[in-house]
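Hi there,

Here is the model I promised to pass along.

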Protein chains: 2
Amino acid sequence: MRKGQYTMQDIANELGISKSTVSRALKNHPDISQDTKDAVHKLAKEKDYQPNSLALSLRHNKSFVLGIIVPEIVHDFFANVISGVQKVAYNEGYNVMICISNESTEQEIVDTKAMFSSRVDGLLISRTKESNDLSHLKSIVNKGVPLVMFDRVSEELDVSKVITDDFQGAYMATEHLIKQGCKNIIHLSGPDNLAIGRDRKSGYIAALKDYKIAVDESKIIPCPKGDLEEGKTTMFDIIDSNTEFDAVFANNDVTAIGAMNAAKEKGLSIPNDVSVIGFGDWRLSQLLDPPLSSIEQSGVDIGITAAKLLLEQIRAEEKDEDFTPRTEVVESHLIQRGSSLQKK
Amino acid sequence: MRKGQYTMQDIANELGISKSTVSRALKNHPDISQDTKDAVHKLAKEKDYQPNSLALSLRHNKSFVLGIIVPEIVHDFFANVISGVQKVAYNEGYNVMICISNESTEQEIVDTKAMFSSRVDGLLISRTKESNDLSHLKSIVNKGVPLVMFDRVSEELDVSKVITDDFQGAYMATEHLIKQGCKNIIHLSGPDNLAIGRDRKSGYIAALKDYKIAVDESKIIPCPKGDLEEGKTTMFDIIDSNTEFDAVFANNDVTAIGAMNAAKEKGLSIPNDVSVIGFGDWRLSQLLDPPLSSIEQSGVDIGITAAKLLLEQIRAEEKDEDFTPRTEVVESHLIQRGSSLQKK
DNA sequence: GAATTCCGCGCAACCGATTGAAGAAAAAAC
DNA sequence: GTTTTTTCTTCAATCGGTTGCGCGGAATTC
């Protein structure tokens with residue numbers, strides 16, 4: 001590439017015409033004679049001419065690239081979102097540039113700047129758990145880049161958002177446990193600086209209230225990291241502290257699995273001694289023993305919805321139309337499996 | 001972005017100087033007076049000036065973007081590879097553009113062209129299982145784009161490659177089963193058009209031969225798709241056909257899990273009636289019941305190695321140095337777990 | 001035969017940066 | 001006071017395309 005880039009100018013030279021004529025010929029502009037068009041198309045095919053989209057992007061101030069920043073990629077949910085986004089992007093002629101913030105705000109800032117520098121036409125982001133700093137996002141919005149947040153969103157920013165119905169999902173999970181006969185439901189809650197953490201907690205609390213079960217703050221235990229290890233150690237602590245409980249509703253599946261593993265190691269039977277339900281329905285959850293109940297949030301759907309929303313805004317702004325950001329809620333579903341069923 | 005892009009020209013206008021001076025001032029060129037530099041830097045920071053990398057790329061014929069094409073993304077292995085690539089790319093100031101071929105050759109061709117059009121500085125690819133068509137890859141190599149293939153490689157192409165030691169891994173897996181007392185080991189093999197499929201099969205055969213066990217071609221059953229469903233139905237077929245067997249070595253973990261599920265449904269106990277081992281060590285495998293033995297191939301390491309190899313080539317060619325493609329082999333490791341241990 | 005229309009194509013500016021070379025102004029040397 | 005040197009800045013070309021405008025010649029019209 002460095003040296004041997006075949007350009008329109010090269011075609012023009014070979015045919016003894018100007019590059020403007022080549023440009024028009026390639027796009028079948030009516031001004032150009034059929035003979036010239038044929039010659040240009042023939043040579044272009046022969047030399048396998050590929051236009052330089054950098055030049056196009058620069059000229060048109062439009063890159064046909066959507067940026068997406070996710071906290072992790074080795075993660076079913078985010079991987080699914082990405083594949084949903086890709087699907088929509090492909091169909092609309094866009095490419096996707098992905099950055100992984102690794103749950104680091106610092107990295108997220110670098111990524112955001114890089115995305116802006118390469119002039120993505122729009123940006124999709126799910127924030128890190130780490131922080132509340134929004135200045136980099138405000139800045140990119142101010143520069144006029146359409147932004148859509150998904151899953152981990154922030155109320156402070158007036159942009160489009162795509163979320164799972166976390167409250168409803170958590171409510172369903174809790175209600176399900178109650179209906180299975182559980183009375184003492186522990187909630188391993190997520191990070192408080194993210195709406196998804198707060199909403200799930202609220203759903204849990206609402207369900208308890210609706211079923212006239214007292215809400216015991218000491219049964220809401222924060223697991224902000226949300227990894228296997230944290231789920232496990234937290235569960236050990238709970239068991240060792242002799243807290244009374246017969247069920248666990250975890251903020252995500254991995255935490256739930258950690259808790260399940262800990263309970264099993266302590267000789268508790270699932271679901272007889274303790275029912276467990278997670279959130280997110282990871283692909284692996286159905287393969288566990290017992291298979292883990294969960295709230296399904298379709299990453300693919302979220303990705304598709306977010307990408308469509310973003311494209312809608314991009315197009316509106318290209319036509320100088322007004323666009324009012326909106327929030328779309330993707331439904332979540334209760335998936336009942338062995339880890340929470342048939343409580344005696 | 002469409003309208004309000006703040007450029008060097010804007011800085012120049014505001015300060016009443018030329019844009020060349022601005023350019024030099026921003027990179028602390030010694031020709032520029034300290035006063036001018038200060039003024040430019042101050043204004044640039046004030047307006048949050050971000051250079052347009054499209055313009056830079058066009059000028060320098062260098063985009064600082066690495067392309068990567070993977071067949072799937074909702075897949076621990078590929079997700080890990082991507083995160084390994086990202087890690088290296090970040091440190092070296094490159095961005096990563098990802099395409100997902102969805103196991104379709106057609107899509108792979110489109111992706112390759114798109115990557116070339118956006119003038120990636122180099123391309124990483126793991127091919128689809130589907131086909132043997134290499135023309136699009138040959139074409140991009142001819143155009144001078146450094147290419148590194150990983151995992152699913154092709155011998156026909158003289159480019160750098162990064163692979164797992166598939167033969168050795170399969171040998172270890174088979175040997176392990178033999179040492180656990182298995183005599184009738186079925187191999188659910190991968191696609192024959194990919195080296196990884198053939199090498200794993202060869203490793204299996206070699207181990208059998210070394211341990212003086214007759215190789216029975218009817219015990220090598222192709223599972224080219226390599227998904228859960230295929231593993232399951234294939235296993236049902238095997239059981240129903242009354243083939244004699246006491247172990248299964250599958251080409252990948254998902255196939256192994258499918259086989260395990262089928263065996264369990266048919267009332268077989270694992271590992272007592274049938275030992276199972278997979279390949280790839282997916283994150284979920286250790287969470288199964290029983291946990292699945294597997295051959296670990298570190299996606300992250302493969303990604304890191306591949307990205308480094310690619311950057312090495314990119315840099316060599318930038319300096320007009322010769323670069324001879326080479327193949328690097330990332331070691332694989334036997335992970336012994338419950339699905340294959342303690343055979344009586 | 002002169003005026004008009006139309007067709008096919010080229011010129012040159014533009015997108016936002018970089019960069020070699022030339023130029024202008026100030027400082028130093030004679 | 002003139003020449004030389006130094007210091008700082010601008011000019012203009014370049015990367016690879018796109019696009020408004022204009023130009024020359026042939027065809028058409030009167």
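Let me start with DNA strand C: in this predicted model, 28 residues surround it, and the closest are Thr21(A), Thr36(A), Ser23(B), Arg24(B) and Arg59(B). Of the atoms of DNA strand C that come within 4 Å of the protein, 57% belong to sugar and phosphate.

Which atoms of DNA strand C do individual side chains approach? Two side chains of chain B are placed by phosphate oxygens of DNA strand C: an N or O atom of Gln5(B) is at 3.3 Å, and a polar atom of Lys27(B) is at 3.4 Å. The elements that give two or more residues to this surface are helix H2 (19-26) and helix H4 (53-60) of chain A, together with helix H2 (19-26) and helix H4 (53-60) of chain B. By residue type, the surface near DNA strand C divides into nine nonpolar, twelve polar and seven charged residues.

Now for DNA strand D. It is surrounded by 26 residues, the closest being Ser23(A), Arg24(A), Arg59(A), Thr21(B) and Thr36(B). Sugar and phosphate make up 56% of the atoms of DNA strand D that come within 4 Å of the protein.

Some contacts to the bases of DNA strand D may interest you. The side chain of Arg24(A) puts an N or O atom 2.6 Å from a base oxygen, and that of Arg59(B) has one 3.1 Å from a base oxygen. For Ser20(B), a polar side-chain atom lies 3.0 Å from a base nitrogen. H2 and H4 of chain A and H2 and H4 of chain B are the elements that give two or more residues to the surface near DNA strand D. That surface has seven nonpolar, twelve polar and seven charged residues.

On to the two protein copies.

Finally, the fold of chain A: it has twelve helices and twelve strands. Its radius of gyration is 26 Å, well over the 20 Å that the globule rule gives for 344 residues, so chain A is more spread out than a compact globule. The C-alpha trace spans about 90 × 35 × 30 Å along its principal axes. Of the 344 residues, 59% count as buried.

Best wishes

Technical notes. Residues are numbered from 1 along each chain as its sequence is written. Chains are lettered from A and ligands numbered from 1 in the order in which they are written. This is a predicted model: local features need pLDDT of at least 70, side-chain atom pairs count only at pLDDT 80 or more; totals for chains, interfaces and linings use all residues. Side-chain values use heavy atoms; hydrogens and water are left out. A residue is near a molecule or strand if one of its heavy atoms lies within 4 Å of it. A polar contact is a pair of N or O atoms within 3.5 Å; within protein, one must be able to donate a hydrogen and the other to accept it, and residues adjacent in sequence count only if both atoms are side-chain atoms. Helices (H or I, at least four residues) and strands (E, at least two) are DSSP runs, numbered from the N terminus. Ala, Val, Leu, Ile, Met, Phe, Trp, Tyr, Cys and Pro count as nonpolar, Asp, Glu, Lys and Arg as charged, and the others, Gly among them, as polar. The radius of gyration is taken over C-alpha atoms; the globule rule is 2.2 Å times the number of residues to the power 0.38. Buried means under 20% relative accessible area, exposed over 50%, partly exposed in between (1.4 Å probe, protein chains only).
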